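The sequence and structure come first.

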Amino acid sequence: MKMAFTFGARGFILLVIAVSFLVVGEARTIVVGGSEGWRLGFNYTDWALKTSPFYLHDKLVFKYAPPSDNSVAPNVYLLPNLLSYMACNFSSAKLLATETQGSGGGFQFVLNSWRPAYFASTMEDGKHCSEGQMKFFAIPWPLPN
Ligand SMILES: *[C@@H]1O[C@H](CO)[C@@H](O)[C@H](O)[C@H]1NC(C)=O
Ligand SMILES: *[C@@H]1O[C@H](CO)[C@@H](O)[C@H](O)[C@H]1NC(C)=O
């Protein structure tokens, strides 16, 4: 009986610590692709799986070199829904960052909405998205304020 109580109390304290960590937890800054940045030929679906869960107010930073004479730079679009994301259909997508906006500190996007955010690069007639794996989505975990 006493042991059960002790265990229960400890469990409760751990729960309180876990919950207050979540509530107080600072918004994180996450560089998309880590040290690889936002580039062609890196699997961002895989990266997002390994990086999740994402939380509300997390800052995603897209870093990429601007275009040069012999290289194309990506861009960043926000796709409206899962279907358009899967099909790489950009007809209702919103441009977030142009080819030049990923340099320096990079382009920042804050996950401040409860909806999943679908990201992709349109470059090279959509090949960055369809064949180049330059797409992923982030579902922010719902946290109280
Ligand atoms: C990218 O990663 C995902 C998740 O790990 C995997 O299912 C998929 O096959 C990978 N794509 C390629 C082209 O390797
Ligand atoms: C692309 O999405 C738009 C709506 O966002 C839709 O009207 C159109 O039919 C889609 N195109 C294809 C090829 O699915």
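The count in this predicted model comes to 1 disulfide. The bond joins C88 to C129, with an S to S distance of 2.0 Å, which falls within the 2.5 Å cut-off for a disulfide. The two cysteines are 41 residues apart and link distant parts of the chain. C88 sits in the loop between α3 (82–87) and β5 (94–97), while C129 belongs to helix α4, residues 127–130. Because the torsion about the S-S bond of C88 and C129 is about -80°, the disulfide is left-handed. Are C88 and C129 buried or exposed? Both C88 and C129 are buried.

The other topic is ligand 1. Which residues are around ligand 1? They are N43, D46, L49 and Q133. Sorted by class, this shell has 1 nonpolar, 2 polar and 1 charged residues. L49 is the nonpolar residue and D46 the charged one, while N43 and Q133 are polar.

For two residues of the shell, N43 and D46, distances from an oxygen atom of ligand 1 to an N or O atom in the side chain are listed below.

| Side chain | Atom in ligand 1 | Distance |
|---|---|---|
| N43 (N or O atom) | oxygen | 2.4 Å |
| D46 (N or O atom) | oxygen | 2.7 Å |

On its own, ligand 1 has 360 Å² of accessible area, and the protein covers 39% of that area.

Notes: Residues are numbered from 1 along each chain as its sequence is written. Chains are lettered from A and ligands numbered from 1 in the order in which they are written. This is a predicted model: local features need pLDDT of at least 70, side-chain atom pairs count only at pLDDT 80 or more; totals for chains, interfaces and linings use all residues. Side-chain values use heavy atoms; hydrogens and water are left out. Helices (H or I, at least four residues) and strands (E, at least two) are DSSP runs, numbered from the N terminus. Buried means under 20% relative accessible area, exposed over 50%, partly exposed in between (1.4 Å probe, protein chains only). A residue is near a molecule or strand if one of its heavy atoms lies within 4 Å of it. A polar contact is a pair of N or O atoms within 3.5 Å; within protein, one must be able to donate a hydrogen and the other to accept it, and residues adjacent in sequence count only if both atoms are side-chain atoms. Accessible areas come from the Shrake-Rupley method with a 1.4 Å probe; for residues, only the protein chains shown count as cover.
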